[in-house]
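This report describes the fold of a single protein chain, from its overall composition to the surroundings of selected residues. The sequence and coordinates are shown below.

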Amino acid sequence: MASKISDTPRPLPTASSRASAANTSQPAGAATKARTPDPRWSKDGFEPSNTRPLPQLPAPAPLPQLPAPTTPVEPKCEPKPKPDTRAQDADPMTHLRYLASDELKGRDTPSEGLDAASKYVQAHVQKYGLVGPNKANAQNPFEQRFDVFSFAGKPGVASKGEAREHGAHKQFGHKLFEEGFYLKDGMPRETLAMLNRKYESTMKAEGQPLSPARGGGLRSVEELRSLATESGKGVNTMALLPGTGPHKDEVIVVMAHMDHVGTDRRGNIHNGADDNASGSAVLMAAVPELAEAQKRGELDRSILFIWTGGEEKGLVGSQYFVDNPIPGLGTEQIAGVVNVDMVGRWDDQRLSVVDTNRKGQPNYFREVVDQANAKLADPFDRINRDINQYRDRQDGAVFGRKGEDVLFLFEGLSNPNGGGDLIPEYHEPGDDIDLILRDNGGEKPRRVKDLMVNVIGMAANRKTEE
């Protein structure tokens, strides 16, 4: 059993008790006297009485020299690699979803929705290294802007941002300046003459008196401007992919109109998924693949992409481009034009094309299309040539009148083997992306893009007689 330890504190010795203890240690009878202090009183009790020198210890080793203190350095964080979005960017449906969204409110010319679509395209092409070719617009060389007018009282002309009623527009496309036009000082005389005739026919149809030309000849731009109503500025969006071969100063123009018809008086948005978000999206989806081909040195000629505005007014944007060529890219540099309009609907095994000139004779694209189709892993079953009646009612016609070789790609008509009607939703609010998905799951635009990439590659590298 453990002994119990007392927890009672012991009394500390007092000064008097320490003194008495010292006295009792002296021998009896010793005299009490003052003594000089012993010089050894301060010696450590452990020091020996016979003092000897301590052994010499070796000198301590010098401490290692430490580096001067520095400011702490934050550990570097490696930037996360950017996700590879090329597969998404090369899919037309990625872009079609945005271009045909309610957010853009029908992409009328002019409108904030069309401007937003233009900015979207510009960001995409810059991502893949394409350049803005319009040196005449130092502020934004990816844009070519133009004023849009109509003659007052013209039937079917709506206010800004409002869709026209399209009861009489079941025929595809538009004639030049059918529902609008541009005006610009110094415009070509032939275009000015056309606008004079347009003014006269419009006033005659309305039963309105004509305002005579001041000089007795053509009404000037200033006079026509005073007789017209201005709705705002339209925009052509463009990007150049420079060629790398001996013919790099020549260009293949690849185009699609990006505008549609806005909203109607009842507030319905005409999203224009097929007309022509589909063609615009196909052009965007072709950019990544063609940019890679250019890096590999596989494009002799340059590629000029144009997303036109004002097509729904009457081919206005395309005519403005031809009348006002951007520096270094006039019609003499153009070596072919591909226009893509409405390529989203029906099944994905057929397509319609126009590959003839104004006299009905095949141009060089006839052979190119057939060869490009044969190169596809799954070629189109039918390339129908059943839409020649639309040759002059699409943007490519403006270039055709200048003698250019033009290929027009179109989804086709209701009869798969050729002929028939347009889609029932043409220029109606029901032209939405869900109908493209219903018809072919989005495969039609994807397959048109693949065909178009082949066509462009072959046209860009076509051998010609010098």
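## Terms and basis

A contact means heavy atoms within 4.5 Å. Helices (H or I, at least four residues) and strands (E, at least two) are DSSP runs, numbered from the N terminus. The model is predicted: local features need pLDDT of at least 70 and side-chain atom pairs count only at pLDDT 80 or more, whereas totals for chains, interfaces and linings use all residues. Residues are numbered from 1 along each chain as its sequence is written, and side-chain values use heavy atoms, with hydrogens and water left out.

## Overall composition

The chain contains 13 helices and eight strands. Of its 466 residues, 49% count as buried; buried means under 20% relative accessible area, exposed over 50%, and partly exposed in between (1.4 Å probe, protein chains only). The accessible surface comes to about 24,800 Å², with 53% of that area belonging to carbon and sulfur atoms; the areas come from the Shrake-Rupley method with a 1.4 Å probe, and for residues only the protein chains shown count as cover. Among contacts between residues at least 6 apart in sequence, 82% join residues at least 24 apart.

## The sheet

Eight strands form an open sheet with mixed pairing, in the order β1-β2-β4-β3-β5-β8-β6-β7; two strands pair if DSSP finds at least two bridges between them. Strands β1 and β7 each have a single partner and stand at the edges, so one side of each is left without a neighbour in the sheet. From one strand to the next, the twist averages 25°. Helix α9 (residues 316–323) packs on the sheet, where it touches β1, β2, β3 and β4, and its direction makes about 120° with that of β1. Such angles run from 0 to 180 degrees between N-to-C directions, the axes being lines fitted to C-alpha atoms, for helices over the stretch in contact.

Seven of the seven residues of β4 (residues 302–308) are buried. Ser 302, Leu 304, Ile 306 and Thr 308 point one way from the strand, while Ile 303, Phe 305 and Trp 307 point the other way.

Strand β2 (residues 228–241) pairs with β4 in the antiparallel sense over five bridges, and Leu 240 stands opposite Leu 304. Strand β3 (residues 251–257) runs parallel to β4 and is joined to it by seven bridges. Ala 256 has Trp 307 of β4 as its bridge partner. Between β3 and β4 the chain passes through helix α7 (residues 273–295) in a right-handed β-α-β crossover, a term that applies if, with the strands pointing away from the viewer, the path from the first strand over the helix to the second runs clockwise.

## Phe 181

Phe 181 lies in the loop between β1 (143–151) and α5 (189–206). This residue counts as buried because its relative accessibility is 1%. The C-alpha atoms of Phe 181 and Phe 149 are 5.4 Å apart, although the two are separated by 32 residues along the chain. Not counting residues up to four places away in sequence, Phe 181 touches Asp 147, Val 148, Phe 149, Ser 150, Phe 151, Leu 195, Ala 228 and Val 316.

## Helix α10

In helix α10 (residues 365–374), the buried residues are Phe 365, Val 368, Val 369, Ala 372 and Asn 373. They lie on the same side of α10 because they cover an arc of only 125° around the axis, the arc being that of the directions from the helix axis to the C-beta atoms. An α-helix has 3.6 residues a turn, so residues three or four places apart point the same way. The buried residues of α10 are covered by elements including β5 (334–340), β7 (382–384), β8 (406–410) and α13 (443–460). Exposed Glu 367 and Ala 374 are carried on the face of α10 turned away from its buried side.
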